[in-house]
Amino acid sequence: MTQKKIALVTGGSRGLGRDMAISIAKKGIDVVITYHSNEDAANVVVAEIAQAGSTGHALQLDSRDIQSFNDFYSRFSEYLSDKYSNDHFDYLINNAGTGLFSPITDTSEAHFDEMMNIHFKGVFFLTQKAIPLLNDGGSIINISSGLARFSFPGASAYASMKGAIEVFTRYLAKELGGRGITANVVAPGAIATEFANGSNKDEDKVGIISSVTALGRVGEAEDIGSVVAFLCTKDAHWVNAQRIEASGGTLI
Ligand code: NAP
């Protein structure tokens with residue numbers, strides 16, 4: 001019997017990560033999600049993964065806390081070993097993250113470090129520590145943002161870290177290609193989740209974003225999960241080191 005494919009989706013307890021987890025589960029892939037503080041929400045997603053026909057599991061992770069990653073991977077490996085008699089997995093989706101909207105002149109070192117730790121340093125080291133556990137032929141998908149291509153005032157620290165992740169992704173593709181592991185970026189445009197205090201649902205912002213988006217609206221989580229799920233299939237095996245923007249054509 002062939003081993004089931006397994007994905008790890010950070011920040012899979014709500015928003016974009018939730019839809020990614022369910023979309024991946026619909027492809028017949030088992031999914032481990034992480035949550036930061038809301039275990040109940042994560043358990044709801046685990047049930048939704050089961051409804052989609054795959055097996056889900058939730059683990060706590062603070063992706064800013066690099067010192068905790070060894071412990072995280074111990075818990076992850078233990079779960080995989082118990083469940084599959086093998087602690088390897090196939091797809092790492094670095095999605096967890098929070099927003100910051102602050103003009104450059106108001107951005108404190110603490111704000112900057114928060115963005116760096118969650119969106120860049122955390123992703124770098126969480127990925128580094130995943131590499132020995134990833135099966136050859138697997139895939140890494142890093143979630144960036146449209147804001148790494150176009151600029152809105154107030155997003156400088158956040159968007160700079162997303163830019164860094166896009167460079168990191170090309171290096172992952174280069175260094176892991178020999179093992180058949182691909183690395184790609186999915187860059188969503190503005191999506192109406194709870195991200196950044198739900199600001200993408202504010203009436204004014206909805207109007208602005210819709211007016212500069214070819215498809216004429218703000219995105220929904222369901223616009224993104226299927227793109228990530230596609231990258232977790234054999235159909236995407238020749239897509240490597242790419243930045244795929246899913247923004248409905250924002251600021252083109
Ligand atoms: P969201 O709805 O706010 O969900 C954030 C997720 O990340 C939750 O699962 C949350 O867990 C988890 N999380 C928060 N802080 C964490 C921490 N310190 N360590 C580990 N996990 C943490 O956000 P979203 O809109 O889905 O955004 C997901 C990703 O897409 C982020 O990387 C974001 O930068 C990117 N993105 C979003 C948009 C957008 O407009 N929404 C656009 C482009 C890119 P808890 O529920 O337990 O707190």
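Predicted model: local features only at pLDDT ≥ 70, side-chain atom pairs only at ≥ 80, totals over all residues.
The axes of α4 (residues 109–130) and α5 (residues 156–176) come within 8 Å and cross at roughly 15 degrees. I noted the crossing of α4 past α5 as right-handed. On the α4 side I found Phe-112, Met-115 and Phe-120 among the contact residues, and on the α5 side Tyr-158, Ile-165 and Leu-172 are included. The residues of this contact divide into 13 nonpolar, two polar and one charged.

Next I looked up Leu-61, which sits in the loop between β3 and α3. Leu-61 is buried, at 5% relative accessible area. Leaving out residues up to four places away in sequence, I see Leu-61 touching Thr-10, Thr-34, Tyr-35, His-36, Phe-69, Phe-72 and Leu-126.

Then I turned to charges. My search of the whole structure gave eleven salt bridges. One of them joins Asp-30 to Lys-4, with the closest N and O atoms 2.9 Å apart. Asp-30 lies in β2 and Lys-4 in the segment before β1, so the pair ties together parts 26 residues apart in sequence. Asp-30 is buried at 2% relative accessibility, while Lys-4 is partly exposed at 32%.

I also checked Arg-149 and Glu-245, whose closest N and O atoms are 2.8 Å apart in a salt bridge. Arg-149 is in the loop between β5 and α5 and Glu-245 in strand β7, 96 residues apart.

Technical notes:
Residues numbered from 1 in each chain as written. Heavy atoms only, no water. Axes fitted to C-alpha atoms, helices over the stretch in contact; angles between N-to-C directions. Helix = DSSP H or I, 4+ residues; strand = E, 2+ residues; numbered from the N terminus. Left-handed = near helix turned anticlockwise from the far one by under 90°. Contact = heavy atoms within 4.5 Å. Nonpolar A, V, L, I, M, F, W, Y, C, P; charged D, E, K, R; others polar. Buried < 20%, exposed > 50% of the residue type's maximum accessible area, 1.4 Å probe, protein only. Salt bridge = Lys/Arg side-chain N within 4 Å of Asp/Glu carboxyl O.
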